[in-house]
Amino acid sequence: MATAAAKPEVFSRKASGLSRVMSPWSAFMYNFLTMGVIFPWTFVWAPAAFPGVSVWKACLFAILLELPIALAYVWMATAMPRSGGDYVFQSRVLGGAIGFPVVMSGFVIWILQWVALAGWLLATLGVAPLFMGLGVYYDSKSLIDAAVWAQSAQGHVIISIIGAAAMAALLVAGFKHYVRLQYFMFAATAILVVILLVQFLRTSPEQFATAMNHFSNVVDGRTDYYHWVQKDVAAAGVNLLPKFALGATLLAMPIVWTSLQWATYSVEQGGEIKGARVFKNQMFIIVGSMVAMGISLAVLAWAEEHAVGTAFFNAVSHSYYYLVSASGDGIGSVLPFPGMFAIVISPNPIITIIVALCFILASLQITCNCYIGMTRVMVGMSLDRTLPAWLSKVSPRYRSPMNAHLIYFLLGCVAIYGYNYWASWYNLTLGVTFACGYVFTISCLAAALMPYRAKALYEASPGAKYTLGGFPLVTIFGIIGFVFGLGALIAFLTEAGYGLKGTTPYIVVAAVFLVCFVGYWIGRQYNKGKGIDVSYAFLEVPPE
């Protein structure tokens with residue numbers, strides 16, 4: 001009698017230990033919040049980077065850029081609804097030698113920079129405006145000094161670490177606690193959007209000029225700041241009222257894409273989403289959240305420019321982002337962000353406190369999503385044994401990957417310190433925009449090839465029935481998404497306006513990838529010496 005060959009056991013354990021506690025609606029909110037309607041760079045980066053840009057139109061065009069990518073992810077998410085998301089997709093279709101270094105470098109390592117950025121958002125968009133708005137209203141120098149401190153390097157570091165520690169403790173205590181808190185975070189963001197729109201739509205540039213002049217005079221002692229900053233930037237040779245340029249608007253799309261690309265981020269905890277295998281759920285979670293965010297950004301950009309005036313909108317962008325200043329004095333302490341402008345328009349305690357608290361909650365959510373997504377990727381890798389098995393340990397009481405959270409918190413503190421205290425760190429880490437982008441782009445390639453390189457997984461998925469002329473739709477969307485993503489990456493590499501200046505960012509991105517690639521092969525050989533061939537893990541999805 002023939003004896004069947006035993007199937008090798010390569011996973012570090014037979015169950016992930018995680019549980020499905022997030023509903024499709026919660027996952028929609030998660031993606032919406034992760035894309036960050038609070039991110040200010042769409043409004044302060046694009047006008048200076050590409051004169052003639054229409055920021056609100058760029059936001060709408062960026063929806064079209066992200067749409068095929070989001071659709072490709074829907075097929076992948078329903079075919080492999082497991083925690084680890086992009087790593088699982090790429091390793092099961094393209095192999096571990098691609099999936100591990102791409103996701104480990106582009107996500108796990110580079111998203112540590114997002115931990116630092118989340119702390120910056122907390123300090124700069126939440127804490128500082130709270131103190132500054134109240135300081136102006138009550139004419140309190142102490143509160144204004146506290147706001148200026150919150151915007152300093154020391155303030156950023158202390159506030160960032162406190163926020164990071166608090167969110168790590170929340171998540172270690174159980175993912176369900178975050179899911180509950182997220183409802184308040186989402187509600188706060190909705191309230192924030194409404195307040196911003198109301199403030200902007202009820203304000204004319206003349207009214208804003210009066211409010212800004214008073215605010216800046218109290219904070220920095222400046223007179224007629226609204227007109228002064230425009231003259232200061234114009235005197236340096238900047239045209240503050242350039243004609244609309246379609247080319248500039250198209251070039252600004254990748255800037256908006258740095259927000260919209262995160263519409264797919266819920267796949268990292270796919271093993272904790274209820275109904276993650278249901279096609280319409282993933283369409284709602286991924287595509288629905290992306291369209292909602294793109295429209296929100298477009299409306300806010302249009303409303304802000306309407307309120308502050310196009311010349312001022314462009315002047316503060318050049319002064320803040322590229323330090324353009326004929327006098328050398330620059331932007332001052334009142335930073336040109338939508339939330340700050342809303343407080344400037346009406347710096348009464350109620351508006352100030354609501355806006356600041358909403359920004360604080362939204363900023364803390366960014367810290368949470370850094371931890372949630374990356375600890376789940378680390379768990380997925382650990383189950384495959386491409387990372388040490390102890391990293392995937394899940395507390396049986398709290399159902400959370402405690403070891404992964406601890407490691408990521410400690411590494412995040414290093415990133416926070418370096419970002420705020422090491423002058424060269426900022427230039428070294430500009431590659432985060434490029435590195436995260438290549439993860440999404442390679443996942444689109446995996447989606448395109450899934451029907452051919454992971455045929456069994458594809459045929460068992462709910463998306464297999466969707467074809468066009470007998471050709472898999474996932475392949476069509478995957479190819480288009482890959483081309484669009486590759487186009488955005490090439491733009492980041494070739495256009496100086498995106499900030500990747502000199503060779504240093506490219507060297508750092510390449511070095512991080514190379515270290516991860518070598519690390520994968522070292523780990524593979526180590527496991528092989530123990531009689532474990534990790535390549536078998538890539539033939540099936542990880543355990544739930």
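**Reading the labels**

Visitor: Why is Cys370 called buried?
Guide: In this predicted model, Cys370 has a relative accessible area of 1%, and because buried means under 20%, Cys370 is counted as buried.

Visitor: How do you know whether Cys370 is in a disulfide or in none?
Guide: The nearest cysteine sulfur, that of Cys368, is 9.1 Å away, whereas a disulfide needs two cysteine sulfur atoms within 2.5 Å, so Cys370 is in no disulfide.

Visitor: What makes Phe32 and Phe186 an aromatic pair, and of which kind?
Guide: Their ring centres are 5.7 Å apart, and the limit for a pair is 6.5 Å; the planes stand at 75° to one another, and since over 60 degrees counts as edge-to-face, the pair is called edge-to-face. Phe32 lies in helix α1 (residues 24-35) and Phe186 in helix α9 (residues 175-201), so the pair ties together parts that are 154 residues apart in sequence. Both Phe32 and Phe186 are buried.

Visitor: What kind of pair do Phe434 and Tyr438 form?
Guide: Phe434 and Tyr438 are also edge-to-face, at 5.8 Å centre to centre and 75° between the planes, but here both residues lie in helix α20 (residues 432-453), four residues apart, which is about one turn of the helix. With relative accessible areas of 14% for Phe434 and 10% for Tyr438, each falls under the 20% cut-off and therefore counts as buried. Across the model, the count comes to 43 aromatic pairs.

Visitor: What makes you say that a charge sits over the ring of Phe175?
Guide: The charged end of Arg376 is 5.1 Å from the centre of that ring, and the distance limit is 6 Å, together with a limit of 35 degrees from the ring normal. Lys57 likewise lies over the face of Phe244, at 4.3 Å from the ring centre. Phe175 is also a member of one aromatic cluster, whose other members include Trp41, Trp114, Tyr178 and Trp262.

Visitor: Which residues have the most contacts inside the largest nonpolar core?
Guide: That core has 191 residues, and those with the most contacts inside it are Met80, Ile111, Trp114, Tyr178, Phe312 and Met450. Met80, leaving out residues up to four places away in sequence, touches Val88, Phe89, Arg92, Val93, Met450, Leu457 and Val541. A second, separate core of six residues includes Val233, Val238, Leu240 and Val324.

Visitor: Why is Ser333 called buried?
Guide: Its relative accessible area is 15%, and because the cut-off is 20%, Ser333 is classed as buried. Ser333 is placed in the loop between α15 (310-321) and α16 (338-345), and beyond its neighbours within four places in sequence it is in contact with Met132, Val148, Gln151, Val219 and Asp220.

Visitor: How confident is the predictor, by pLDDT?
Guide: The protein averages a pLDDT of 91, with 96% of the residues scoring at least 70. Over residues 1-6, however, the pLDDT is below 50, and this stretch has zero contacts in the model beyond near neighbours in sequence. Where pLDDT is low, the predicted coordinates should not be read in detail.

Note on methods. Residues are numbered from 1 along each chain as its sequence is written. This is a predicted model: local features need pLDDT of at least 70, side-chain atom pairs count only at pLDDT 80 or more; totals for chains, interfaces and linings use all residues. Side-chain values use heavy atoms; hydrogens and water are left out. Buried means under 20% relative accessible area, exposed over 50%, partly exposed in between (1.4 Å probe, protein chains only). A nonpolar core is a set of buried Ala, Val, Leu, Ile, Met, Phe, Trp, Tyr and Cys residues joined through side-chain atoms within 4.5 Å. Contact means heavy atoms within 4.5 Å. Rings of Phe, Tyr and Trp (its six-membered ring) pair if their centres lie within 6.5 Å; planes under 30 degrees apart count as stacked, over 60 as edge-to-face and the rest as tilted. Helices (H or I, at least four residues) and strands (E, at least two) are DSSP runs, numbered from the N terminus. pLDDT is the predictor's confidence in each residue, from 0 to 100.
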